[in-house]
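Subject: Structure handover

Hi,

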Amino acid sequence: MSQDREPCCSPFKARDFIVFSIEKPPSDVLFRVIRNTTLIILIASFSLVLYSAVTSSTPWFLFPNDAARHSAGGLPATADYVSGDNIGETNISHIQFGVAGSVTTWNERRHYSELWWEPNVTRGYVWLDGKPDAAASVPWPKNSPPYRVSEDWSRFKYSSSQAAVRIARIVSESFRVGLPNVRWFVMGDDDTVFFTDNLVSVLAKYDHRQMYYIGANSESVEQDVIHAYGMAFGGGGFAVSYGLAEKLAAILDGCLDRYFRFYGSDQRIWACVSEIGVSLTTERGFHQTDIRGDPYGLLAAHPVAPLVSLHHIDAVSPIFPRQTHLGSLKSLFQAYRVDLARILQQSFCYDRRRNWSISVSWGYTAQLYSWVVPAHMLETPLQTFKTWRSQSQGPFTFNTRPVTSDPCEQPVIYFLDEVREGAKGGETMSSYRRRAQAQSGKACERPDYAPIMAVQRIKVSALKMSPHDWKKGPRRQCCEMVKLKDSTLQVKIRSCIP
């Protein structure tokens, strides 16, 4: 009875793969064809779905935390993976400003905003704590930003400053205005001065659909310790991307009550942004200017970054001698409009035959030394100022070098006297006149110091910087001393030789 059996499931037997028998009736055969064809389609579809779910960078099925991450700010799920290069470059029309003002101080401070505000170009509002007095019959200044009155903020808790609650809510109120094509919301005070073209250059580096919180902290360590190192100080201005603003507007009111013990509006915003999981992106061109005294040293050694803002103008000495605070800013803006990207940018050069060193902070000042000063010293600010709160000698969030009382160890200082377009296209000419020595000041009587004291004026030629230069790795430009003639030293700024 024994008999050889073929394996029941041999993979090499073709008949084992036949899904129907030819001996079956035609109707039964048709039914089996339809059934098996449908089964094959279902298996193929399920395999395709499974393959897509495993290999796709955006998951098909999201758990609650994942869903929040991908839909935060109302962005499409692919926003995390889009560079932003295909949406057009950011320009000034994509920025909405929110200026914190007050009806009692606006007329005194509006001149600072009017320096940088361009009607029909810049967009946004100054947010007031009440409606301007209509009984005064004084029309709203045409060169000021248009105003809006803040919503009722009296229902929110506070411990020290109720105004800080109102100012913090400017972010969410600005978002709810609903201006079209806004990519960035930029906050500042009524004494904040923005250099808007440089602000555009900074923000254009980032994708506004992502969550960005951009600004800088205080120059005085004591301020950062009291508030936070990771906080964008509001007087220097800060920028919130559309992606973050949408999320922040949804949670801000509830969040403010959790931090009612905080002092400032900017500290409240920082705490709420932190709850969302976003940290500060620092840009060194935002300046809170938390210093007292003369800001000269800080401005004469500006970091290699576009100048974006200045604050606390009235709390420091005028930046140009023998000028008012407002007049000084007008002089700086005159230079800024000639070469937007280059304003305050340092350049160093040396005369090896005379052992001279020169530092040019374009559009502001020049310093001439009778000895060779290394670059790392020239880029370190002279400490002509003190800390904000205690008015002490430091510390600051950057290194400083002391101002010596020995006149022979001091540079000869020159201030901007004239700036204009050059005869050649794309070139600028700026002139810096020697600062008059104080009557009580001692003069250096050393023989090697006399030649630099004879230089009365420094003339500087330079090609205009392009805003696109800030997209490259930051590098300070160099200069060369061309000639000295009739007490005038001619200098040419150029790119550094590799």
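A pocket here is an open set of points on a 1 Å grid over the protein atoms alone, where a 1.4 Å probe fits, with protein on both sides within 12 Å along at least five of seven lines; lining residues have an atom within 4 Å of a point. Volume is the space filled by probe spheres set on the points.

This is a predicted model: local features need pLDDT of at least 70, side-chain atom pairs count only at pLDDT 80 or more, and totals for chains, interfaces and linings use all residues. Numbering starts from 1 along each chain, and side-chain values use heavy atoms, without hydrogens or water.

**Pockets**

The largest pocket has a volume of about 690 Å³. Its lining has 34 residues, with Asp 189, Tyr 263, Gly 264, Ser 265 and Asp 266 nearest the centre. Helix H4 gives the most to this lining, four residues. (Helices are DSSP runs of H or I, at least four residues, numbered from the N terminus.) The lining of the largest pocket divides into 14 nonpolar, 12 polar and eight charged residues.

The second largest pocket holds about 500 Å³. Among its 21 lining residues, Arg 284, Ala 301, Pro 303, Thr 397 and Phe 398 are closest to the centre.

**Helix pair**

The axes of H3 (residues 106-116) and H11 (residues 325-338) come within 11 Å and cross at roughly 5°. H3 is therefore roughly parallel to H11 (angles under 35 degrees). Axes are lines fitted to C-alpha atoms over the stretch in contact, with angles from 0 to 180 degrees between N-to-C directions. Contact means heavy atoms within 4.5 Å. His 111, Tyr 112, Leu 115 and Trp 116 are the H3 side of the contact.

Definitions and conventions
Helix = DSSP H or I, 4+ residues; strand = E, 2+ residues; numbered from the N terminus. Nonpolar A, V, L, I, M, F, W, Y, C, P; charged D, E, K, R; others polar. Parallel < 35°, antiparallel > 145°, perpendicular 65-115°, else oblique.
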